[in-house]
Amino acid sequence: MNIKLNDMTVTELRRLRGKVDAELKRRDDVARKEVLKQVKKIAADHGVSLSDVLAEAKPARAARKTTTRKSATKGKRVPVKYRNPADSSQGWTGRGRKPRWVEEWLAGGKSLDDLLVSQ
């Protein structure tokens with residue numbers, strides 16, 4: 001089939017897209033029904049019902065969803081660990097990228113321990 005899309009009007013293209021979408025849906029439905037028929041046959045060959053197989057599969061899927069954990073510190077403020085001696089309003093928690101003033105401090109041959117905030 002050789003279709004020249006450039007020669008088609010917008011209406012014709014939309015009609016074609018509708019036909020393509022309908023055909024894709026039909027083929028997906030046919031494939032899904034064929035797979036279901038095969039799974040039912042396999043289950044029957046092993047002496048179990050499809051509902052028994054699916055009942056076993058559902059708890060495994062639910063267990064996977066509950067295993068995701070959120071970070072304990074996500075959304076919480078982290079205290080400042082380092083403070084700029086030249087400007088006390090500038091602090092750094094020690095996480096993420098080093099601020100420019102920390103980079104300059106270290107480039108000057110000074111230690112990061114000198115910037116630690118005493119608690």
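**Entry 1. Terms and model**

I take a salt bridge to be a side-chain nitrogen of Lys or Arg within 4 Å of a carboxyl oxygen of Asp or Glu. The model I am reading is predicted, so I keep in mind that local features need pLDDT of at least 70, that side-chain atom pairs count only at pLDDT 80 or more, and that totals for chains, interfaces and linings use all residues. Residues are numbered from 1 along each chain as its sequence is written, and side-chain values use heavy atoms, with hydrogens and water left out.

**Entry 2. Salt bridges in α1**

By this rule I find 6 salt bridges, and I looked up those in helix α1, residues 10-45 (helices are DSSP runs of H or I with at least four residues, strands are runs of E with at least two, and both are numbered from the N terminus). E23, R26 and R27 are linked in a network of salt bridges. Within it, the side chains of E23 and R26 meet at 2.6 Å, N to O, and the two residues lie 3 apart in α1, about one turn of the helix. I noted E23 as partly exposed at 27% relative accessible area and R26 as partly exposed at 45% (buried means under 20%, exposed over 50%, and partly exposed in between, with a 1.4 Å probe and protein chains only).

I then turned to D29, which is partly exposed at 26%. Its side chain meets that of K25 in a salt bridge of 3.1 Å, N to O, the two residues being 4 apart in α1. D29 also pairs with R32, where the closest N and O atoms are 3.1 Å apart; these two are 3 residues apart in the helix, and R32 is exposed at 54%. The spacing is worth a note, because an α-helix has 3.6 residues a turn, so residues three or four places apart point the same way.

**Entry 3. A surface patch**

I looked up the nonpolar patch formed on the surface by M1, I3, L5 and L13, which together have about 450 Å² of accessible area. A patch is made of residues with over 30% relative accessible area and no salt bridge, like charges being joined within 9 Å and nonpolar side chains (Val, Leu, Ile, Met, Phe, Trp, Tyr) within 5 Å; areas come from the Shrake-Rupley method with a 1.4 Å probe, and for residues only the protein chains shown count as cover. L13 lies in α1 and is partly exposed, at 32%.

**Entry 4. The core and α3**

The largest nonpolar core has 6 residues, Y82, W92, W101, V102, W105 and L115 (a core is a set of buried Ala, Val, Leu, Ile, Met, Phe, Trp, Tyr and Cys residues joined through side-chain atoms within 4.5 Å). Helix α3, residues 100-107, gives the most to this core, with 3 residues.

The buried residues of α3 are W101, V102 and W105. Seen down the axis of α3, they fall within an arc of 100 degrees, so they line one face of the helix (the arc is that of the directions from the helix axis to the C-beta atoms). They pack against β1 and β2, whereas R100, E104 and A107 on the other side are exposed. L115, leaving aside its neighbours within four places in sequence, is in contact with K81, Y82, R83, P85, W101, V102 and W105 (contact means heavy atoms within 4.5 Å). After α3 comes G109, whose phi is positive, near 85 degrees.
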